[in-house]
Amino acid sequence: MATVETRGVKKHYGAVVAVNGVDLLTRDGEFLVLLGPSGCGKTTLLRMIAGFETPTAGELLIGGERVNDLPPRARKIAMVFQSYALYPHMTVFKNIAFPLKAQRMDKASIPKKVEWAASLFGIGHLMERKPRELSGGERQRVALARALVREPAVFLLDEPLSNLDAQLRASARDELQQFQRRIGTTTIYVTHDQVEAMGLGDRIVVMKAGTVRQIGTPQEIYHEPADAFVARFVGSPPMNLLQHQNYLLGFRPEHFLPRGTQNGKGKVSTFSFRVTRVEYLGADRLLYGLLNGAFADQKVIARLPSTVTVNIQPETNYDFTVEDKELKFFDASTELRISARPL
Amino acid sequence: MSFRVQTASTANNLTRPLNRRMSIVDSERWLGPFLIGPAILYIVLLIGIPFFMALYYSVSNTTTGGGTLGFVGLRNFSNIIDTPKFQTALKNTFIFALFSQVVILLLSNALALALQKDFRGKGLLRFLMLLPWVAPISIGTIAWLWIFDSTYSVLNWTLRMLGLIQGQGFMWLGLPHLAMGSIIAVHVWRQLPLATVILLAGHSSIPKDIHDAAAVDGAGFWRHFFQVTLPLILPISLVALLFGLIFTFTDMVIIYNLTRGGPYDTTQVLASLAFYTGIAGGDLAEGAAIALFLFPLLLAVAYGFLRIAHRTEIT
């Protein structure tokens, strides 16, 4: 097991800056998720850790050892690719055995090791198949087994679930997390899917335009976003952000509730809300509309759990409240989080 | 004026009158035959008819002098098989084809691997590499004729300057083995670009992730090449080899320009011998028999290779 550290890591492609000075330190055995929109540099960062790209500047350390000049095979890492990158001409058995052969493990112990890895993912019965004869979910398991088989110090996963259908993705997510907890190997996981990031990560690194915007637990990222970008990017629907004077006022849709339905006993702020559209989603109702008064004509979304049974009709004004502790403030120009202001 | 009135009345859906006549492009029944027609015509006129004529010539007693077209059975074949000239040519054909293809496969693989990497001037190198293929082969071989010239050979000069030989130097095209070697060298020079381009295409069809996976799985250069890269480019390599083999078995341009089959017919291959016997020598029937001698073998080779390529195809 090992930690991964990046110190001021940069990557330039000509004039394009893909990664612009990233400092990270994983904890031992941690599940760290790199989250960001496409083009934010998260995959480039992962590929630098793996050794496929050379950083333009900065240092990479795995297990406290500088690895900038080591080839991928010497970094004690294993990687699962978005495409799974299984060797198409080899059977499942040979795919999983490949890293062991490359390690020059003695021939007699290879089959035992391969079976062990395969049994962890329940693919023992697929050993003689070629990758093209497998379903997406099976391929993903083979890729995981191949990564796991030589017991690496660090796991790198590049959007390994994005090629699975929604249902399979949910169960694969669950399995992946259980499995990581069991083996306790430090894992870095790249995704653009915030649900995946929230569900899997011990900590999440939110990236944008080659820089880290926030590092924190899923709770911290969600409830205490460091800036307006994180607030908008995480959460579905995203945080409501209202322009007011020289700051942005933010609150989550699920905290924006009809007056009198707040659970907490804390102080609340009241907004006059003109509902324009109601979306019934089963567990929730989403209310779209515009505010009146000081925030006139700014769009907001409210998310009412099905336990809130207040009758809401479109094209009607209601009084909605937000608990004051749920109000977040951001500087209008830097978008950084600032202390609470009087409304 | 009436036109204007008409468009005004239908202004919503038409801005100009519809051409109501169907053209050939609209008719599926005629478009296909129309497009493929020229190709079929070309193949029938320039390949099909000559091929069947050659088939008949090889069992006839015809000459370029014309006149007779009598059927003689397999007499032409039995006549040629026993001649030393034919046996040498047959042996040379295999030496020529196999040697040059082995060298081409090795070199084109190395070149393709090198050209996969990113380096300065890669575009220029790719362009230069293609030159032997795009330059007219006659001009190329004339240049080679000078390189191999008995008096002015730049090869001999270089070897002399390096102190490797003394005196006159080698008679590159004057001695049977050297002449065959020279022919193979020029053929390799000429075919290398195409083979490299085909292999390059094969290499670039392998997803980058696969190479990355092999790198992270711990494979060194040789394991990576022999266990990952090579099996994945095998199908396309076989197609390249098939083209190369058939092309080499049937080509005579280099021999015609370099040695004219000499010295003493020691560098004849079947294709050149067929030409010298049938066209230059006037014995059309025997020439056709020589030319067609390897046809069944080539057909079998082509069939076999395509079967293997199909079986190893990876999708």
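How many residues lie between β1(A) and β2(A) in the hairpin that they form? I shall begin with that question, and I note at the outset that we are looking at a predicted model. The answer is two residues, and A:G14, in the turn of this hairpin, has a positive phi of about 60°.

Let me stay with the strands of chain A. Strand β1 covers residues 4–13 and strand β2 covers residues 16–25, and the two pair in the antiparallel sense over seven bridges.

I turn next to helix α1 of chain A, residues 42–50. Eight of its nine residues are buried, so the helix is largely enclosed by the rest of the structure. Among the buried positions are A:L45, A:L46, A:M48 and A:I49, but A:K42 and A:R47 are buried as well. After the helix comes A:G51, with a positive phi near 100°.

The remainder of my time concerns the contact between the two chains. Chain A contributes 22 residues to the contact and chain B contributes 20 residues. Between them, the chains bury about 1900 Å², and 60% of this area is on carbon and sulfur atoms. Which residues of chain A lose the most area to chain B? They are A:R73, A:H89 and A:F98, which together account for 27% of what that side buries.

As to specific interactions, there are two salt bridges between chain A and chain B. One of them joins A:R146 to B:D217, with the closest N and O atoms 3.6 Å apart. Across the same interface, nine residue pairs are in polar contact, with both residues at pLDDT 80 or more.

Which elements of chain A supply the side that touches chain B? β6, residues 77–80, and α2, residues 92–102, each supply at least two residues. α2(A) gives the most, with four residues. By residue class, the side of chain A that touches chain B divides into 13 nonpolar, two polar and seven charged residues.

To close, I would ask you to keep two views in mind. In the second, α2(A) gives the most residues to the side of chain A that touches chain B.

Note on methods. Residues are numbered from 1 along each chain as its sequence is written. Chains are lettered from A and ligands numbered from 1 in the order in which they are written. This is a predicted model: local features need pLDDT of at least 70, side-chain atom pairs count only at pLDDT 80 or more; totals for chains, interfaces and linings use all residues. Side-chain values use heavy atoms; hydrogens and water are left out. Buried means under 20% relative accessible area, exposed over 50%, partly exposed in between (1.4 Å probe, protein chains only). Two strands pair if DSSP finds at least two bridges between them. Contact means heavy atoms within 4.5 Å. Buried area is the accessible area (1.4 Å probe) that two parts lose on being put together, summed over both. A salt bridge is a side-chain nitrogen of Lys or Arg within 4 Å of a carboxyl oxygen of Asp or Glu. A polar contact is a pair of N or O atoms within 3.5 Å; within protein, one must be able to donate a hydrogen and the other to accept it, and residues adjacent in sequence count only if both atoms are side-chain atoms. Ala, Val, Leu, Ile, Met, Phe, Trp, Tyr, Cys and Pro count as nonpolar, Asp, Glu, Lys and Arg as charged, and the others, Gly among them, as polar.
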